[in-house]
Amino acid sequence: MPAATNLDPTTSDVSPDFRVAIIGGGITGINLALGLQARGVRYTLYERAPGFREIGAGIGFSPNAERAMIALDPAVQAAYKRSANPNGEDYFQWIDGHASDTLLYKLHVGRDGFQGGLRSAILEEWAKLVRDPDEHVRFGKTVDTITDGASDLTIHFSDGTTATADVVIGCDGIRSRVRQLILGSNSPAASPHYTSKYCYRALVPMEKAVAAIGEYKSFTRFMYNGPGAHIITYPVGGNTVLNVLAVLSDTKPWPDPTKHTAPGSKGEVTAAFEGWHPTVTKIAALFPEEMDKWAIFDMEEFPAPAYNKGRVAVAGDAAHATGPHLGAGGGLGIEDALVLAGLMEAVGKRVVSESGENKKALVEKALEVYNEVRYERTQAVVRVTRKACLLFHWQVPEVGDDGEKFGKAITPMFHKVWNYDVEGMVGDAVARLAAKLY
Ligand SMILES: Cc1cc2nc3c(=O)[nH]c(=O)nc-3n(C[C@H](O)[C@H](O)[C@H](O)COP(=O)(O)OP(=O)(O)OC[C@H]3O[C@@H](n4cnc5c(N)ncnc54)[C@H](O)[C@@H]3O)c2cc1C
């Protein structure tokens with residue numbers, strides 16, 4: 001059963017004396033905001049950009065992510081679905097893109113499952129759900145540091161201003177400042193690390209894509225695999241645009257590990273796929289003449305030892321950045337948002353029902369529980385995501401380009417992500433918190 005939506009926060013039994021600060025308004029931050037709003041929990045979201053915006057092209061959400069959206073607030077999933085593109089077929093289909101252009105393996109994604117959409121359009125739909133944005137959202141606020149006082153936490157922004165809260169949740173992405181504050185800037189886990197994979201992304205007008213590879217291949221999601229590389233294509237924007245992502249294995253270090261992007265070109269993409277099947281070389285030729293290439297970083301080698309410290313925690317990529325290969329990173333952030341919303345609601349109710357209770361200790365216990373219920377699941381996905389890319393690039397010698405062996409190896413990886421009991425996670429967390437309090 002989805003969680004009930006609290007349409008009127010003024011009737012909430014959550015204390016108005018309990019205030020949550022969210023740092024970052026990407027997928028994780030905005031989902032947390034919407035989950036708190038639905039539960040009547042007072043919050044303010046601080047985002048460094050001048051508005052809600054998403055960098056990048058297309059994205060799709062896995063079944064667990066959709067269930068988490070529904071549990072946050074059914075309106076969240078409905079908003080995603082409004083901007084999602086119809087699936088050509090309800091399958092992931094892997095093609096031998098190198099030699100034969102034939103199907104290696106297909107995996108059912110569920111009815112209307114894993115539909116792709118434009119990131120900007122999905123975020124825009126979610127932003128429309130934020131009630132009283134002038135009260136709850138502050139743009140142009142870059143968190144610099146956080147100080148812990150006897151009562152409040154004080155957030156210091158780079159513009160010299162400050163704000164206070166009872167709890168701070170850093171949803172500030174892969175290069176999270178909040179994670180640095182929790183772990184210390186010298187911790188190897190304070191920064192993400194290069195996975196030796198990089199990618200090129202393009203949004204191609206559909207007429208151009210259809211002219212190159214035909215309607216069937218343009219309106220249906222495919223992944224083309226081969227030695228050391230793969231290309232994913234799926235339609236977005238109501239079948240008006242083909243989202244193309246080419247991922248390559250690298251043998252060199254990324255030139256500047258403090259930067260995600262470097263200048264790239266169509267020539268680099270076409271050279272990387274030279275000698276592949278003509279379907280793939282035609283897709284490679286769809287990239288623009290000049291574009292950025294993106295390094296894929298993650299936190300596999302140096303995971304954060306914990307996602308919480310005192311009354312501060314990190315969620316989404318800020319906690320457990322992962323490669324894109326299972327299409328799971330955004331969904332994990334939404335799961336984090338769901339359990340945090342449930343825990344913050346439980347804390348807020350307790351603050352109102354037991355006056356004089358030590359709010360600080362209560363928040364600290366809730367964040368300990370958050371870490372307990374999220375750590376193992378999220379770390380496992382980070383690890384398995386790297387393995388999935390090795391399979392896509394035919395870099396697992398005992399599997400190689402054998403479709404049957406590939407299917408046996410890849411299916412449990414996706415199912416582990418998708419078949420997760422998001423409602424059970426919230427129930428477990430709230431029960432753990434209650435057990436810690438008695
Ligand atoms: C090529 C690619 C394809 C992907 N495809 C999928 C997919 O299909 N499905 C899926 O589920 N996932 C996918 N992912 C992963 C997904 O994009 C990420 O997991 C997700 O975007 C992370 O969201 P986030 O909100 O945690 O972080 P971010 O999106 O990075 O948001 C962080 C926000 O915090 C703000 N911020 C940063 N620092 C500060 C500061 N100091 N103060 C204030 N604000 C700050 C930023 O401006 C930003 O708005 C893909 C990733 C890549 C690279």
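An oxygen atom of the ligand sits 2.9 Å from an N or O atom in the side chain of R119. That is a polar contact, a pair of N or O atoms within 3.5 Å. The model is predicted: local features need pLDDT of at least 70, side-chain atom pairs count only at pLDDT 80 or more, and totals for chains, interfaces and linings use all residues. Residues are numbered from 1 along each chain as its sequence is written, and side-chain values use heavy atoms, without hydrogens and water.

**Ligand contacts and cover**
- G331 places a backbone N or O atom 3.2 Å from an oxygen atom of the ligand.
- The ligand on its own has 1,000 Å² of accessible area (Shrake-Rupley method, 1.4 Å probe). The protein covers 86% of that area.

**The shell around the ligand**
- The ligand is surrounded by 31 residues (a heavy atom within 4 Å). The closest are T28, E47, G60, R119 and D317.
- By class, the shell holds 10 nonpolar, 12 polar and 9 charged residues. Here Ala, Val, Leu, Ile, Met, Phe, Trp, Tyr, Cys and Pro count as nonpolar, Asp, Glu, Lys and Arg as charged, and the others, Gly among them, as polar.
- Four elements each supply at least two shell residues: α1 (27-38), β2 (42-47), β3 (58-60) and α12 (329-353). Helices (H or I, at least four residues) and strands (E, at least two) are DSSP runs, numbered from the N terminus.
- α12 gives the largest share of the shell, 3 residues.

**Helix packing**
- Axes are lines fitted to C-alpha atoms, for helices over the stretch in contact, and angles run from 0 to 180 degrees between N-to-C directions.
- Angles under 35 degrees count as roughly parallel, over 145 as roughly antiparallel, 65 to 115 as roughly perpendicular and the rest as oblique.
- The axes of α1 and α12 come within 8 Å and cross at roughly 30 degrees. That makes the α1 and α12 pair roughly parallel.
- α12 and α13 (residues 359-392) have axes that come within 10 Å and cross at roughly 160 degrees. These two helices are therefore roughly antiparallel.
- Between α13 and α15 (residues 422-437), the axes come within 9 Å and cross at roughly 140 degrees. α13 is thus oblique to α15.

Conventions. Polar contact = N/O pair within 3.5 Å; in protein donor to acceptor, adjacent residues only side chain to side chain.
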